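User: I would like to learn how to read the features of a protein model. Could you take me through this one?

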Amino acid sequence: AEFDLVIRGGTVATATDVFRADVAVHNGQIAAIGENLAGARTIDAGGLLVMPGGVDTHCHLDQVEMSMGYGAQDFVTGSRSAVLGGTTTAISFVSHFKGEPIRDILAETLKRGQRSIIDYSFHQILADPTDEVLAELPAIVAAGIRSFKVFLTYDAIRLDDGQFLRVLAAARREGAMVAVHCENYDAIGWLTEALLAAGLTAPKYHAWSRPKVVEREATYRAIALAELVDTPIQIFHVSCAEVAEEIARAKRRGLKVWGETCPQYFALTAADMDRPGFEGAKFMCSPAPRDEADHDGLWAMMRQGVLDVVSSDDSAFNTTGHHAKDQNGPNASFRDIPNGVPGVGARMPLLFSEGVVKGRIDLPTFVGLAATNPARLYGLGGCKGAIQPGADADIVLWDATKTQTITNALLQHGVDYTPYEGREVTGWPVMTLRRGEIVMQDGEMVAAEGSGRFLARGPYELARPLGRLANGFDAAAYDRPGATR
Ligand code: URP
Ligand code: ZN
Ligand code: ZN
Ligand code: ZN
């Protein structure tokens with residue numbers, strides 16, 4: 001036989017087309033797409049969709065927290081849940097804390113990644129762009145970490161505008177993408193004080209502390225500052241259409257600005273945080289889930305290509321226990337409950353069921369949002385997220401008609417709950433291959449811990465600056481660590 005493996009008789013779905021074909025795999029890569037291909041092994045994909053394995057470019061797996069603690073989801077549980085849900089590539093985060101150098105956390109994080117089952121990379125968080133930290137960046141980028149993540153809110157890590165400009169300048173020099181958490185820090189602080197003063201402390205007031213305008217203002221500001229420095233950026237976790245509209249306007253001006261949303265913004269609402277007792281805390285994430293009407297707006301923005309990516313933002317806290325949602329007690333105010341929801345495994349089934357099955361997006365749009373676009377945006381295009389010759393044979397076989405009730409046990413992640421418990425979805429992955437190797441079959445993970453590979457990301461076109469500068473003056477070139485100012 002010519003090839004190692006042939007996936008026969010399925011319906012191939014890419015970000016542009018849907019067609020009947022066999023897919024041949026050789027040496028871990030896709031070798032051919034065509035008819036009547038022959039391989040040493042055959043997988044019958046009759047009646048199934050054959051799609052690129054999902055690419056989740058925003059999930060917090062094994063992220064080092066303050067004082068070297070870790071989140072509930074590590075690389076083993078996170079990547080196990082990922083393959084069960086059809087995802088084969090993840091980008092997690094290297095933490096950074098104010099006043100500390102990055103190198104020790106980087107070394108520790110790279111070591112933790114070695115337990116992954118899926119292929120993985122990292123974004124570098126920058127919490128404090130001092131000269132010392134900026135001087136570390138060329139080595140970090142050379143190590144294959146070609147994207148920076150910044151937060152415009154959260155007490156311990158947020159950047160003010162001046163600090164954000166320095167990160168944008170560093171990214172411009174390095175050819176790195178910048179991912180931004182956009183919420184107005186001072187507005188959230190001011191609203192939170194007022195809510196607490198009014199005695200409004202239940203989980204549902206989390207949403208009241210950060211309404212849409214708080215996110216929209218920060219999104220506008222992030223885009224404007226990125227335009228000033230001429231640095232490509234992605235706005236993370238866009239919660240609603242009026243925030244996405246800022247991205248649409250930037251795109252119309254020809255700027256390199258991309259948008260991400262997450263299942264929690266089309267599958268949950270602020271009302272979920274209004275469940276009795278502490279239940280609401282399970283649905284708390286930032287930005288906050290909005291309302292039913294906002295879901296329609298998000299789908300429109302996905303259809304229009306304003307939102308390019310659906311990531312999980314898996315940021316998992318157990319309900320109870322160490323560093324859990326209830327770490328400050330079951331009556332803690334919303335301010336003191338950690339933010340984030342798990343979702344690395346549920347991401348693709350939720351997007352497929354809510355999107356494709358309900359007729360809100362077509363199948364190529366699904367593949368683009370879940371796999372192809374995130375791969376391209378973070379420098380993995382051609383290698384990940386694509387069914388095309390030369391790409392890694394990361395493939396998910398998907399039963400588009402199978403109905404499944406999501407339960408926490410089914411997801412096999414490292415967390416004691418899922419916000420989607422009891423939800424019925426249509427469409428479910430039945431087999432996942434990573435570089436041609438079966439890593440999930442019928443809901444069982446069958447890969448070895450540590451078989452995932454670190455993806456070093458080199459220079460790529462999407463992360464290159466446009467070359468549009470006010471007055472033609474490249475201020476970033478003068479904002480170097482140690483430059484005389
Ligand atoms: O609430 C969230 N999203 N927590 C995770 C960290 C982040 O902001 O992405
Ligand atoms: Zn964020
Ligand atoms: Zn996140
Ligand atoms: Zn902890």
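**Strands, a helix and a ligand shell**

Analyst: Strand β5 (residues 49-52) and strand β14 (residues 395-405) run antiparallel and are joined by 4 bridges. Within this pair, V50 stands opposite L397 of β14. The model is predicted: local features need pLDDT of at least 70, side-chain atom pairs count only at pLDDT 80 or more, and totals for chains, interfaces and linings use all residues. Residues are numbered from 1 along each chain as its sequence is written, and chains are lettered from A and ligands numbered from 1 in the order in which they are written.

User: How are strands and pairs defined, and how many bridges join β14 to β15?

Analyst: Helices (H or I, at least four residues) and strands (E, at least two) are DSSP runs, numbered from the N terminus. Two strands pair if DSSP finds at least two bridges between them. Here 8 bridges link β14 to β15 (residues 424-434), and the two run antiparallel. Q404 has V425 in β15 as its bridge partner.

User: In what order do the strands of the open sheet come?

Analyst: The open sheet has 8 strands in the order β6-β7-β8-β9-β10-β11-β12-β13, with parallel pairing. Its edge strands, each pairing on one side only, are β6 (54-56) and β13 (309-310). Inside the sheet order, β10 (residues 177-181) and β11 (residues 233-235) are joined by 3 bridges, and V178 is partnered with I233 in β11.

User: Which strands does helix α7 lie across?

Analyst: Axes are lines fitted to C-alpha atoms, for helices over the stretch in contact, and angles run from 0 to 180 degrees between N-to-C directions. Contact means that the C-beta atoms of two residues, placed from the backbone, lie within 7 Å. Helix α7 (residues 212-229) lies across β10, β11 and β12 (257-261), at about 175° to β11.

User: Which residues of α2 are buried, and why are they on the same side?

Analyst: A residue is buried if 20 or more other C-beta atoms lie within 10 Å of its own, exposed if 12 or fewer, and partly exposed in between, with C-beta atoms placed from the backbone. In α2 (residues 103-113), the buried residues are L106, T109 and G113. They share a side of α2 because they cover an arc of only 70° around the axis, the arc being that of the directions from the helix axis to the C-beta atoms. The face turned away from this buried side carries exposed D104, A107 and K111. The buried residues pack against α1 (75-84), β7 (87-94), β8 (119-125) and α3 (131-142).

User: Why does G113 count as buried?

Analyst: G113 counts as buried because it has 24 C-beta neighbours inside 10 Å. Leaving out residues up to four places away in sequence, G113 touches F75, Y120 and F454.

User: Where is a backbone angle worth a look?

Analyst: Most residues other than glycine have a negative phi, and most peptide bonds are trans. D62, in the loop between β6 and α1, has a positive phi near 55°. D313 has a positive phi near 45° and is in the loop between β13 and α11 (347-357). The peptide bond from S286 to P287 is cis, with omega near -10°.

User: Which residues are around ligand 1?

Analyst: A residue is near a molecule if its C-beta atom, placed from the backbone, lies within 6 Å of it. Around ligand 1 are H60, H181, H237, C285, S286, D313, S315, N339 and G340. This shell divides into 1 nonpolar, 7 polar and 1 charged. Ala, Val, Leu, Ile, Met, Phe, Trp, Tyr, Cys and Pro count as nonpolar, Asp, Glu, Lys and Arg as charged, and the others, Gly among them, as polar.
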